[in-house]
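This report describes the fold of a single protein chain. The sequence and structure are shown first.

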Amino acid sequence: MSDFDPYKHNDDDLAVQEAKPKLKRPPLYKVILLNDDFTPMDFVIEILMDFFSMSEEKATRVMLQIHTQGVGVCGTYSKDVAETKVYIVNDYSRENQHPLMCSMEEV
């Protein structure tokens, strides 16, 4: 048998401290809608309520910001969620024959 005793204290042993991994938050992305002269305001409000879970009041405020300033933020998400929202909004807009453009940019 071995002379090793795991319970015996030995001054030659080194103390080892586990390194904690440094976790970094993933980057966030803003999903934005761009104004155009053809998409009805009611359609924009519908998109904001259906795809971004906004109340009618908040959706109306964001729609007016898009209309007056040319762009409005729909929400901030992780990259995968933002990409998915951009895709489904653009797809839904095309299905309904509207030129509304949705895109994303890093925060």
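## Overall architecture

The model is predicted. Its secondary structure consists of three helices and three strands, and along the sequence these elements follow the pattern β-α-α-β-α-β.

The protein has 107 residues, of which 29% are buried. When contacts between residues at least 6 apart in sequence are considered, 71% of them join residues at least 24 apart.

## The sheet

The three strands make up an open sheet with the order β2-β1-β3, and the pairing is antiparallel. From one strand to the next, the twist averages 30 degrees.

Strand β1 (residues 28–34) is joined to strand β2 (residues 71–78) by seven bridges, and the two run antiparallel. Within this pairing, Leu28 has Ser78 of β2 as its bridge partner, while Leu33 stands opposite Gly72 of β2. Strand β1 also pairs with strand β3 (residues 101–106), in the antiparallel sense and over six bridges. Here the bridge partner of Lys30 is Glu105 in β3. In general, the strands of a sheet pair through backbone hydrogen bonds, either parallel or antiparallel.

## Packing of helices α1 and α2

Helix α1 (residues 41–52) and helix α2 (residues 56–69) have axes that come within 9 Å and cross at roughly 125 degrees. That angle makes α1 oblique to α2. The crossing of the two helices is right-handed.

On the α1 side, the contact is made by Met41, Val44, Ile45, Leu48 and Met49. Helix α2 contributes Glu56, Ala59, Thr60, Val62, Met63, Ile66 and His67. Sorted by class, the residues in the contact of α1 with α2 are nine nonpolar, two polar and one charged.

## Helices against the sheet

Two helices can be described by their placement on the strands. Helix α1 lies across β1 and β2 and runs at about 155 degrees to β1. Helix α3 (residues 79–95) lies across β1, β2 and β3, with a direction at about 165 degrees to β3.

## Two residues in context

Ser93 belongs to helix α3. Its relative accessible area is 0%, so Ser93 counts as buried. Leaving aside residues up to four places away in sequence, Ser93 touches Phe43, Ile47, His98 and Leu100.

Pro40 lies in the loop between β1 and α1. Pro40 has a relative accessible area of 36% and is therefore partly exposed. The C-alpha atoms of Pro40 and His98 are separated by 8.4 Å, although the two residues are 58 residues apart along the chain.

Key:
Residues are numbered from 1 along each chain as its sequence is written. This is a predicted model: local features need pLDDT of at least 70, side-chain atom pairs count only at pLDDT 80 or more; totals for chains, interfaces and linings use all residues. Side-chain values use heavy atoms; hydrogens and water are left out. Axes are lines fitted to C-alpha atoms, for helices over the stretch in contact, and angles run from 0 to 180 degrees between N-to-C directions. Helices (H or I, at least four residues) and strands (E, at least two) are DSSP runs, numbered from the N terminus. Angles under 35 degrees count as roughly parallel, over 145 as roughly antiparallel, 65 to 115 as roughly perpendicular and the rest as oblique. A crossing is left-handed if the near helix is turned anticlockwise from the far one by less than a right angle, and right-handed if clockwise. Contact means heavy atoms within 4.5 Å. Ala, Val, Leu, Ile, Met, Phe, Trp, Tyr, Cys and Pro count as nonpolar, Asp, Glu, Lys and Arg as charged, and the others, Gly among them, as polar. Two strands pair if DSSP finds at least two bridges between them. Buried means under 20% relative accessible area, exposed over 50%, partly exposed in between (1.4 Å probe, protein chains only).
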